[in-house]
Amino acid sequence: MHAAIVIGTRPQIIKTAPILKEAERRGLELDVIYTGQHYDYEISKVFFNELDLPDPVMNLGVGSGSHGEQTGRMLIGLEKAYLELEPEVVVVPGDTNSTLAGALAAAKMCIPVAHVEAGARSFDVGMPEEVNRRLTDHCSSVLFAVSEWCRNRLLAEGISSDDVYLVGDTMYESIKSHVKDIEDDDVVERLGLEEPFVVLTVHRAENTDSVDRLRGIFGALKDTDLRVVFPCHPRTRVRLEELGLLEEIKNWPYLTIVEPLGYFSMLRLVRDAEVVLTDSGGLQKEAFWLGTPCVTLRDNTEWRETIELGMNVLAGADPGKIEEEVRSCSGKSRASVNPYDYGGASGKIVETLLSRYET
Ligand code: UD1
């Protein structure tokens, strides 16, 4: 059986790695089509190298652009790619513009779509990811949910239970199989982080496009004795420069701004941090699995289980609230259950694809 998987951003590379390994083991031919949504070394190629993944069979090189422009360029490239590769099923992980384009191009060509991480909802249609995941779910033929909540959501939206599979999260499998690499990474020593520190990441438009929100987030911890380590996403660097904020915050003694980090370094920081401050989706779950409390710099989240289990809290971009939540995080204590683990997500995904589509 011959399938393709469409990815284009760093979280998608992480989500895909265990599926590729399992596909190879089970004899499922799975071509990687890379859209090129992320093109900088630090946020794309380094992940392929660290996770020891084969090069994509195609790189569409779409690069950046407005949502319509970027998605449109992907649709054109993907249609050609599918015509050439003739996949029997197209797998799309996550909720990025690459996910939506991968699904839409396939559905229009009557190729079955398999969505990995289906059913997640923030109920905020102002987020491009929410639009991407809803549309992707509703043009998919087979939907792999990471949690019970996600599965129930899909059923509530009228999707047939015959097409929904509760498999768990491949991001969790990625962490599990790289515990030693995370342990061995020397980022903490490299950055000279001797005192307690928090890790900060900010890249979502709702934060990067508002000078007030950016000021709120960066100013939140200035009166604490915590060091803040901030791996800066390229989008955020551009916005901070445009807003004239970069020069200012560069001199703040408690803030260490670094380039985007590789997978192992990032997870080592998350593991060793007192708290993670982030607006990323994936990092909320990674902090949860590594037993580090998370303060989410958003007004909503699709990963409600991390909140219900007491490991995550929403603070928006309000400096007072962020500081209060960071202060009240009482040390590390891993949640006693993992709502994203059902015993090997990638195995269940590959197995399902083979049983449904192998002729
Ligand atoms: C995308 C995803 C988001 C995911 C994130 C992970 C969508 C709608 N968003 O957001 O869900 O959490 O990836 O990082 O798909 N840029 C570079 N180099 C790159 C890539 C981007 O400089 O390699 C800069 C460009 O200025 C670009 C901006 O970042 O305009 C935004 O990049 P884009 O790929 O559109 O979205 P992300 O913010 O990375």
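Contact here means heavy atoms within 4.5 Å. The model is predicted: local features need pLDDT of at least 70, side-chain atom pairs count only at pLDDT 80 or more, and totals for chains, interfaces and linings use all residues. Residues are numbered from 1 along each chain as its sequence is written, and side-chain values use heavy atoms, with hydrogens and water left out.

View 1. Tyr 340 sits in the loop between helix H17 (319-328) and helix H18 (345-357). Helices (H or I, at least four residues) and strands (E, at least two) are DSSP runs, numbered from the N terminus. With 0% relative accessibility, Tyr 340 counts as buried. Buried means under 20% relative accessible area, exposed over 50%, and partly exposed in between (1.4 Å probe, protein chains only). Neighbours within four places in sequence aside, Tyr 340 is in contact with Val 146, Ser 147, Gly 168, Asp 169, Lys 285, Phe 288, Trp 289, Trp 303, Glu 305 and Thr 306. Its side chain makes a polar contact with the side chain of Glu 305, at 2.6 Å. A polar contact is a pair of N or O atoms within 3.5 Å; within protein, one must be able to donate a hydrogen and the other to accept it, and residues adjacent in sequence count only if both atoms are side-chain atoms. Asp 185 is 155 residues from Tyr 340 along the chain, and their C-alpha atoms are separated by 25 Å.

**View 2. Helix H15 and its two ends.** Helix H15 covers residues 281-290 and is mostly covered, with ten of its ten residues buried. Among them are Lys 285, Glu 286, Phe 288 and Trp 289. Lys 285, Phe 288 and Trp 289 are also among the contacts of Tyr 340. At the start of H15, a side-chain oxygen of Ser 280 comes to within 3.3 Å of the backbone nitrogen of Gly 282. Gly 291 follows H15 and has a positive phi, near 75 degrees.

**View 3. The ligand shell.** The shell holds 20 residues, and Gln 37, His 38, Tyr 39, Asp 40 and Glu 129 come nearest to the ligand. A residue is near a molecule or strand if one of its heavy atoms lies within 4 Å of it. By class, the shell divides into five nonpolar, ten polar and five charged residues. Ala, Val, Leu, Ile, Met, Phe, Trp, Tyr, Cys and Pro count as nonpolar, Asp, Glu, Lys and Arg as charged, and the others, Gly among them, as polar. An oxygen atom of the ligand is 2.6 Å from a polar backbone atom of Tyr 39. For Asn 97, a polar backbone atom is 2.8 Å from a ligand oxygen. For Arg 235, an N or O atom in the side chain is 2.8 Å from a ligand oxygen. Taken alone, the ligand exposes 740 Å², and the protein buries 87% of that. Accessible areas come from the Shrake-Rupley method with a 1.4 Å probe; for residues, only the protein chains shown count as cover. Helix H1 (10-26), helix H3 (67-85), helix H5 (128-138) and helix H12 (234-242) are the elements that give two or more residues to the shell.

**View 4. Glu 129 in helix H5.** Glu 129 lies in helix H5 and is one of the residues that come nearest to the ligand. At 18% relative accessibility, Glu 129 counts as buried. Its side chain makes a polar contact with that of Arg 204, at 3.0 Å. Leaving aside neighbours within four places in sequence, Glu 129 is in contact with Asp 95 and Arg 204.

**View 5. Two nonpolar cores.** A nonpolar core is a set of buried Ala, Val, Leu, Ile, Met, Phe, Trp, Tyr and Cys residues joined through side-chain atoms within 4.5 Å. The largest has 72 residues, and Leu 269 and Leu 353 have the most contacts inside it. Not counting residues up to four places away in sequence, Leu 269 touches Val 187, Val 188, Leu 193, Phe 197, Val 199, Val 229 and Leu 261. A second, separate core has 26 residues, including Leu 240, Leu 277, Val 295 and Ile 322.

View 6. Most residues other than glycine have a negative phi. Glu 86 has a positive value, near 50 degrees. Glu 86 is found in the loop between H3 and strand S4 (89-93), and is exposed, with a relative accessible area of 59%. Phi of Cys 110 is also positive, near 60 degrees. Cys 110 lies in the loop between helix H4 (97-108) and strand S5 (113-118). At 70% relative accessibility, Cys 110 counts as exposed.
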